[in-house]
Structures are given as C-alpha cells and as structure tokens.
Amino acid sequence: MSLISTTAIRNRAGFKPTLWTFVLAFVLIAGAYYSFVRFTHGLGDVSALSDKVPWGLWVGFDVLCGVGLAAGGFTITAMVYIFNIERFHHITRPTVLTAYLGYILVSVALMYDIGRPYAIWHPLFMWNPHSVMFEVSLCVTVYTSVLTIEFLPVILERLRMHRAVAFLRRLIIPLVIVGVLLSTLHQSSLGTVFLIAPYKVHPLWYSPLLPIFFFVSAVFAGLATTVFESFMSYRFFRKQLDTEVLDALLRMAGLLLALYFALKLIDLKNKAAFSMLYQLNSTEVRMFLLEMALIVLPLALIMMPRVRGTRRGMFLISVLVILGFVLNRMNVSVTAFSAYHGVNYFPTFPEFMISAFMVGIGFVAFYFAVKHFAIFPEEEPFKQDYDDKLRAGMELPEIEKRPAL
Amino acid sequence: MRRGPEPLSDGKNNKKTFGLSPHAHHQTDPDDYMGLLIDTVRCTGCMACFMACKEVNELPNRNDEDLNKDTYTVVKKIGDAFVRRLCMHCVKPACESVCPVAALQKTALGPVIYDEDRCIGCRYCMMACPFGIPTYEWDSMTPRVEKCYMCYEKRVSQGKLTGCAQACAYGATIMGKRKDLIALARKRIQDNPDKYHPYIYGEHELGGTGTMYLSAVPFENIPFLPAFRDEPLPILTWNVLHRLPDIVVLAGVLMAGVTWIVNRRLERVREERGKTAHANEQESAQPQEPDAQEKTD
Ligand code: SF4
Ligand code: SF4
Ligand code: SF4
C-alpha cells in the first residue's frame with residue numbers, strides 16, 4: 001500500500017499543466033461567474049428558456065444524462081454482489097465513486113434549474129403519488145443516501161475506523177439490492193416522465209416503451225461511462241487498465257445496444273413510423289437517424305474483435321455510446337418538443353458554461369477522491385493471486401473473500 | 001390498494017394537505033364542476049373579459065398577443081371569429097397529476113388552482129399541459145407559475161362569477177356547472193343550426209374540460225384547441241406508476257434469491273475444493289506449501 005501511494009505521488013509530482021488544465025480552469029471560472037448570475041438574477045437572465053421551452057439543456061443534459069451516466073454504479077455493484085462476478089470487483093470503488101459524484105452533481109444541477117432552489121426539499125414532505133417526478137425525486141434522494149453508505153467505508157478506512165467498516169461490509173448485500181431496485185425505478189421513470197405528453201412529444205420518440213428505453217440505455221451508458229472513466233484514470237492518474245474487464249463490459253454494453261436497437265425497430269413498426277424516416281429535411285428525422293447511427297456504429301465496432309481488442313477502439317466505442325446516449329436524452333427532452341412549441345431552442349453560452357461547470361466539478365472531485373482515498377485497488381498482482389487461489393479452492397483470508405466495497 | 005387516478009383520501013380539505021395526495025375532489029362528478037362556456041359565435045372581440053381579468057387579478061396592463069405571466073387570457077382573431085384562450089380547467093388535469101408537490105390542484109368546485117408555497121419551480125406542469133397554458137415568471141427570484149385560476153380565491157369560492165363571465169355582455173363567456181353549460185350549448189346549436197358547427201369542444205376531450213367552446217367553423221381551424229382523444233392523460237403515467245410497488249416486491253425477492261443461490265454455490269465449490277485439497281495433502285508424502293508462492297510474491 002505504502003509503496004503504491006509513493007508511486008502515485010511521484011506520478012503527480014510530474015504533473016505539468018496541459019491544455020486540459022486551462023480548459024478546466026476556464027470552465028470553473030466561467031461557471032462560478034454564471035452561477036452567481038443565476039442565483040442573483042434568476043433563470044431568465046442566463047438561459048434561453050421561455051414559456052414555450054420550459055425545459056432545456058439543464059434538464060436534458062445535467063439531469064437526464066447525469067442520472068443515466070451514473071448508472072454504472074448499480075450495474076457493477078449488482079454484478080459483483082448479486083451475481084458474484086468477482087473479476088469486476090476491483091472496478092467497484094471507482095465506479096461507485098463516479099456514480100456517487102454523478103448523483104450529487106445532479107442534485108446540484110437541479111438547484112440551478114428549478115425556479116425555487118430553496119424549496120428543493122418539498123417533494124420529501126409534500127407528496128403527490130400520482131406524479132412521476134415525485135417518485136423520481138424520492139428514489140434519487142434515497143439512492144444518493146444508499147450510495148453514501150456504499151462509499152462510506154472508503155472514508156472510514158482512511159480514518160482507520162475498522163469496526164465501522166466491518167459493520168458496513170455486512171450491510172453491503174441488502175444495500176446493493178435496494179440500490180438496484182431504486183435505480184431500476186428512477187432510471188425507467190425518467191422515461192415515464194414523458195408519457196404524459198403524447199400530443200407534444202414527436203411521434204418518433206413518443207412510445208409506451210419509453211420507460212424501458214430509458215432503463216436499457218441507462219445501463220449501457222453506465223457501462224460505457226465505466227470504461228471511459230477507466231481510461232481517464234489511466235491517462236491522468238496512471239492507473240492500471242484492465243483491458244480484459246473493459247472488454248467484458250463492452251460486450252455487455254453491446255448486448256444491450258443490440259436489444260435497444262431491436263426494441264427501437266419494433267417500436268417504429270408498431271407506430272408505423274418507418275415512412276416518416278424518409279422526410280430527411282425535417283430536423284427531427286435527422287436527429288433521430290443520427291441517434292440511431294450512434295447506436296449501430298458502436299454496436300458494429302463492439303462486434304469487431306479487432307477494434308474492441310485495442311485500447312483506442314475501446315475508448316472510441318465508449319465515447320460513441322456516451323454521445324449517442326446524450327443525444328437521445330437531449331432529443332427526448334428538447335428536440336421532440338420543438339415542433340409542438342414552434343420555437344427553436346438553442347442554449348445560451350451561460351447555460352453551456354454551467355453544464356460544463358458541473359462536469360468540471362465532477363472531474364476535480366474525482367481527482368481529489370483518488371488523491372486522498374484508496375479508490376483503486378492495489379494493482380494487478382493482487383487480483384491475479386486472488387483468482388489463482390480461488391481456482392485452487394484455497395481458503396482465503398477473510399479480507400480477501402469480501403473486500404470492502 | 002386503490003387503482004387508477006382515483007381519490008386517495010376522503011374528499012375534505014383538498015387545499016394544502018401535507019402528506020397524501022389531495023386528489024380527493026376527484027370524487028366530484030365531472031358534470032358538477034364549475035366551468036366556462038366560450039361561445040365564439042357570439043363573441044365580438046370587445047376585450048371586456050381581458051380587461052376584467054387584469055383587474056380581478058391585479059395584473060399589469062400590457063397589450064399581449066399570447067398568454068404570459070401577466071396575461072391569463074387573450075382574445076385571438078381566427079378567421080372571422082374571436083376565440084378566447086385561457087386555462088381549460090381540465091376534469092383530469094395533466095398539470096395537477098405531474099406536479100411533484102401537488103402545488104396545482106383541481107378543487108372540488110372545478111377551478112384548477114396553484115399554491116406557490118408548495119411549488120419548487122420544476123416546470124413539469126408546463127411541459128405536460130396539452131394546451132400549453134401555464135407560463136412562468138422567468139425573471140423573478142421567487143418565480144411563480146401563472147395561468148387562469150378561474151378567479152377561485154377572490155370570486156368563485158365565494159359564490160361569485162368569474163371576472164370574465166361577469167364582464168361579458170354578449171353571453172359569449174358563461175359560467176356554470178358543466179352539465180348546465182353542456183345543456184345550454186346543445187340548445188344554442190339546436191336553435192341556430194346554421195350558425196353553429198354542431199360540436200361542443202371540451203365535452204369529452206381528454207376526459208372533459210371545464211372551459212368548453214362553441215364555434216361556427218370546425219375546430220380544426222383553431223390551433224390551440226387540437227383534436228384530442230377522450231382518454232385523460234394522467235392515466236398514461238398512472239398505468240405505469242401503479243405497477244411499481246408490485247415490481248419492486250417481485251424484483252426484490254428475485255434478487256435476494258439470486259444472491260443467496262449464487263453465494264451458496266460458490267461456498268459449496270470452495271468447500272468441496274477445500275476438502276479435496278485437504279485429502280490430497282494427507283495422501284501425499286511431501287506436505288505441500290500452498291503459501292510458499294505467495295510469500296515470494
Ligand atoms: S389546461 Fe393545462 S393548465 Fe389548465 S387545467 Fe388543463 S392541464 Fe392544467
Ligand atoms: S413548476 Fe411548480 S406547479 Fe408546476 S409542476 Fe413544478 S412544482 Fe408543480
Ligand atoms: S376566470 Fe378569472 S382568471 Fe380566468 S380568464 Fe376569467 S377573469 Fe381571468
């Protein structure tokens with residue numbers, strides 16, 4: 001352990017400001033400035049939102065994408081703790097960290113978007129069980145708490161509170177199950193949100209299957225984010241890149257992409273909407289086709305072992321999947337409504353900056369977490385050794401049998 | 001457990017109920033809700049309703065084309081006719097069903113009202129309203145959702161007519177119970193079949209609306225009164241929502257089961273392998289040292 005942290009420190013000592021540092025600094029400064037404007041002058045001053053376009057970039061990207069991209073948390077914990085796929089174990093911590101930060105940022109972003117941020121707690125006490133939004137806000141709140149407890153051992157370990165860690169370890173399975181349930185609920189419910197507007201959502205996107213679309217796409221986007229995050233850690237923190245595990249994740253994502261695409265085709269058939277796709281001059285159709293292309297292309301690349309087998313290929317696939325996912329959420333929440341509203345919405349510079357601010361804070365928070373806590377496991381040999389012993393059916397020391405999350 | 005967007009409590013106190021949903025008033029017979037009949041055949045475009053609305057609601061007088069935070073109703077010229085636009089006070093309002101904090105509520109009397117002290121400003125009501133009615137105070141730091149509240153607090157709850165119905169001198173805006181308004185509308189169509197298109201908009205659309213319209217021409221000509229099916233919108237989400245408790249229970253049990261089975265299996269495998277390893281150890285003359293390799297690592 002000590003050996004590894006010294007290596008890590010040495011790596012950081014060699015840290016030189018790059019282009020990315022400047023981009024990050026710019027985003028943080030601009031974001032802070034526009035946050036100030038937002039919280040002193042209101043929504044009208046910073047956004048292009050209007051009575052005709054009540055939801056824009058912040059709902060579409062910060063909230064819908066934020067929640068979806070954080071879906072890796074429940075997917076990976078489910079695989080490790082429910083299905084007991086041990087080889088994913090060493091990516092649980094970084095994935096849970098990503099999910100945890102994701103959900104915190106979604107809550108922060110919500111404070112920017114809702115008109116009365118000081119009332120954000122209302123749904124906890126003023127219920128409307130008929131509202132999907134109510135259900136989502138309860139689920140997200142409780143799930144964020146679950147993620148807090150899942151992540152707590154990492155902090156407690158650092159504080160050397162081993163008793164508490166041991167106690168939390170015993171809770172992990174029920175916690176993971178509750179987390180999976182809550183995630184399934186709110187990931188799909190974000191799709192249900194749009195079911196109320198059959199006459200407003202463009203027919204290419206309106207579908208009774210929306211909850212299922214949202215759930216499946218969140219899972220593959222969550223997996224892609226996990227791959228992406230591994231590459232980021234590899235690039236910026238010199239962490240090991242376990243290509244075997246990433247390969248497995250991508251194959252899973254491929255399966256889900258295929259399922260998703262098939263469901264989309266069935267849905268188009270049910271709606272008799274294929275003919276609509278020929279109207280290439282309509283923005284909606286073009287956006288929809290682009291979205292489909294960003295499903296089919298990464299799917300095809302995943303099916304090519306030659307691409308999937310390379311680091312570049314893996315990274316490219318994860319980026320494509322994430323892009324497709326983001327486009328889908330933006331389409332459902334903005335593009336699909338534009339024909340009804342008859343207004344073309346394009347986010348303002350401050351809107352972009354605040355969304356980028358959220359992402360920037362995410363990166364910085366991740367960096368600090370990695371710096372101060374044991375997020376990444378003690379490198380490869382540990383796992384190898386562990387697997388060998390498991391194969392040999394040897395008695396494993398307690399700590400290795402069920403390492404802390 | 002009750003199913004469907006039906007009442008969850010007993011019907012009293014449907015304003016500001018902390019806790020359970022205040023959909024109680026949905027026990028009111030839709031026909032008994034108060035509503036407004038807008039007769040575009042009689043409307044002269046005099047704007048008396050517009051002015052009265054500004055007055056009752058103390059709104060700044062701007063000459064606005066469309067609904068906004070200071071304008072709860074407008075009179076639009078469509079072809080030869082004048083058509084008022086305002087909240088429809090739906091029998092099953094989408095806005096009410098989507099509001100996470102029940103800030104929008106269908107009262108037992110009929111008006112769909114708003115409680116700014118509950119509202120969080122998520123604007124889901126604006127996204128959900130099929131008529132595109134609610135507007136927002138975008139420049140305020142304590143923004144409110146603004147729309148026609150059918151003069152609930154100041155007039156209708158005290159047994160008075162709405163400002164607009166009171167002001168209209170031509171019988172083009174009439175307030176009353178839905179069933180009476182529908183009867184009146186039928187009569188007007190019957191008496192002057194050549195003047196009226198024989199259709200009451202809002203009688204059945206989306207489960208019925210409080211504001212209903214008569215017109216000389218088919219309603220396709222009025223863009224803000226689109227052709228809607230009779231199915232109320234809140235059912236679409238409720239169909240999914242009410243299943244969730246069952247799904248949670250089933251999925252929870254299933255996952256607990258899977259966890260248990262998988263873990264047991266792994267344990268068995270470990271146990272058995274442990275046994276064979278142990279047996280091997282005893283058989284072989286030279287004691288193996290499984291840990292030796294690890295130590296050198
Ligand atoms: S017209 Fe819109 S705002 Fe008015 S009650 Fe119906 S859904 Fe609500
Ligand atoms: S903006 Fe206010 S009234 Fe409208 S749905 Fe959200 S909380 Fe309810
Ligand atoms: S009912 Fe009242 S608030 Fe609504 S349009 Fe008429 S005067 Fe205005």
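**A working chat on the interface**

Biologist: Which side chains does A:D113 or B:R123 meet in a salt bridge?
Modeller: This is a predicted model, and in it the side chains of A:D113 and B:R123 meet each other in a salt bridge, with 2.9 Å from N to O.

Biologist: How many salt bridges are there across the interface of chain A and chain B?
Modeller: The rule finds three. Polar contacts were counted as well: 25 residue pairs between chain A and chain B, both residues at pLDDT 80 or more.

Biologist: Which helix gives the largest share of the side of chain A that touches chain B?
Modeller: That is α9(A), with seven residues. The side of chain A that touches chain B divides into 37 nonpolar, 15 polar and 14 charged residues.

Biologist: How many residues does each chain bring to the contact?
Modeller: Chain A brings 66 residues and chain B brings 73 residues.

Biologist: And what area is buried between them?
Modeller: About 5700 Å² is buried between chain A and chain B, and carbon and sulfur atoms give 62% of it. A:R116, A:H130 and A:I196 supply 16% of the area that chain A buries against chain B, more than any other three residues.

Biologist: Changing topic, which residues come nearest to ligand 2?
Modeller: Of the 13 residues around ligand 2, the nearest are B:C99, B:C119, B:C122, B:R123 and B:C125. B:R123 is also the partner of A:D113 in the salt bridge.

Biologist: What classes make up that shell?
Modeller: The shell around ligand 2 has eleven nonpolar residues, one polar residue and one charged residue.

Definitions and conventions. Residues are numbered from 1 along each chain as its sequence is written. Chains are lettered from A and ligands numbered from 1 in the order in which they are written. This is a predicted model: local features need pLDDT of at least 70, side-chain atom pairs count only at pLDDT 80 or more; totals for chains, interfaces and linings use all residues. Side-chain values use heavy atoms; hydrogens and water are left out. Contact means heavy atoms within 4.5 Å. Buried area is the accessible area (1.4 Å probe) that two parts lose on being put together, summed over both. A salt bridge is a side-chain nitrogen of Lys or Arg within 4 Å of a carboxyl oxygen of Asp or Glu. A polar contact is a pair of N or O atoms within 3.5 Å; within protein, one must be able to donate a hydrogen and the other to accept it, and residues adjacent in sequence count only if both atoms are side-chain atoms. Helices (H or I, at least four residues) and strands (E, at least two) are DSSP runs, numbered from the N terminus. Ala, Val, Leu, Ile, Met, Phe, Trp, Tyr, Cys and Pro count as nonpolar, Asp, Glu, Lys and Arg as charged, and the others, Gly among them, as polar. A residue is near a molecule or strand if one of its heavy atoms lies within 4 Å of it.
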